[in-house]
Amino acid sequence: MEVAGGGGAVVGASSSPRRVVVAVDESEESMHALSWCLSNVVASAAKAAAAAPAPAVVLVHARSPRPFYYPSIDGADYILTQQVMDSMDQYMASAADTVVTKAKNICTAFPNVRVETCVEKGDPRDVICGAAEKAGADLLVMGSHGYGFLQRALLGSVSDHCVQNCKCPVVVVKRPDSKQQQPARGGDASLGSP
C-alpha cells in the first residue's frame, strides 16, 4: 500500500489536509465519481481554505484475488498451473496499473491536489473500507454501477457494504442518465421553474 501518513485526520483542522478516499475500478461510473469528487468536494475545499494545506485524494483500487481452480460446465474443477496463475497475476497487475493511471490523469486537472494510491488484493468491500480507515479518511467517494434489485441480491453491492461498514461518511455518486441531461420539451428543464 502506498498511503503515507495514515494517522487519523481531524475534520476542520488547519494543520492537516483533508483526506478523501475515492474507490476506482475499470468502470466509467467510478471515473465519473472521481471527477465529481474533484469538482465538488476537493475544489470547493481548496477555495474555502486557501491558506490550508492542499487536500489529499487517495485512489483505492481492489484487485480481485485469483482463483486456485477453475470450475467448468461439466461439474469437474480444474486446478490451475503455476504458469497460468502467474499469467493471471501479471494481467491483473497490468489492469490495476491502467486503472490507477487513468484516475491519476483525471486528477491532473487539479494541480493543488495531492494524489496517493492504494492497490491491494482482496474483496473490494474489505479493501475499500480498510483503506479508508488506514488513510484516516474524512470522506469516502465511490460510484454506483446502478445494478437492479436482483443483481444486488445475487452479487452484493460494494457501495451498500461500504455505507454500512465504513467509519467515515460515504458518498455514492450515481452516473447521470443521458435522459436527465437533455432539456424537457416545451419547457425549462431546471428545477423550480414554472
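**Salt bridges and sheet**

Modeller: Lys167 and Glu133 form a salt bridge through their side chains, at 3.3 Å from N to O; the term stands for a side-chain nitrogen of Lys or Arg within 4 Å of a carboxyl oxygen of Asp or Glu. This is a predicted model, in which local features need pLDDT of at least 70 and side-chain atom pairs count only at pLDDT 80 or more, while totals for chains, interfaces and linings use all residues. Residues are numbered from 1 along each chain as its sequence is written, and side-chain values use heavy atoms, with hydrogens and water left out.

Biologist: Which parts does the pair Lys167 and Glu133 tie together?

Modeller: Lys167 lies in the loop between helix H5 (158–165) and strand E7 (170–174) and Glu133 lies in helix H3, so the pair ties together parts that are 34 residues apart in sequence. Helices (H or I, at least four residues) and strands (E, at least two) are DSSP runs, numbered from the N terminus.

Biologist: Is Lys167 buried or exposed?

Modeller: Lys167 counts as exposed, at 73% relative accessibility; exposed means over 50% relative accessible area, buried under 20%, and partly exposed in between, with a 1.4 Å probe and protein chains only.

Biologist: And what does Lys134 meet?

Modeller: Lys134 meets Glu120 in a salt bridge, at 3.5 Å from N to O. Glu120 lies in strand E5 (residues 114–121) and Lys134 in helix H3 (residues 124–135), so this pair ties together parts that are 14 residues apart in sequence.

Biologist: How many salt bridges does the structure hold, and which residues are linked in a network?

Modeller: The structure holds 7 salt bridges, and a network of them links Arg19, Arg114 and Glu116. Within it, the closest N and O atoms of Arg114 and Glu116 are 3.0 Å apart; Arg114 is partly exposed, with a relative accessible area of 36%, whereas Glu116 counts as buried at 11%.

Biologist: Switching to the sheet, what is the strand order?

Modeller: The order is E5-E2-E1-E6-E7 in an open sheet of 5 strands with parallel pairing, where two strands pair if DSSP finds at least two bridges between them. The edge strands, each pairing on one side only, are E5 and E7.

Biologist: How many bridges join E6 to E7?

Modeller: Strand E6 (residues 139–144) is joined to E7 by 5 bridges, and the two run parallel; Ser144 stands opposite Lys174 in E7.
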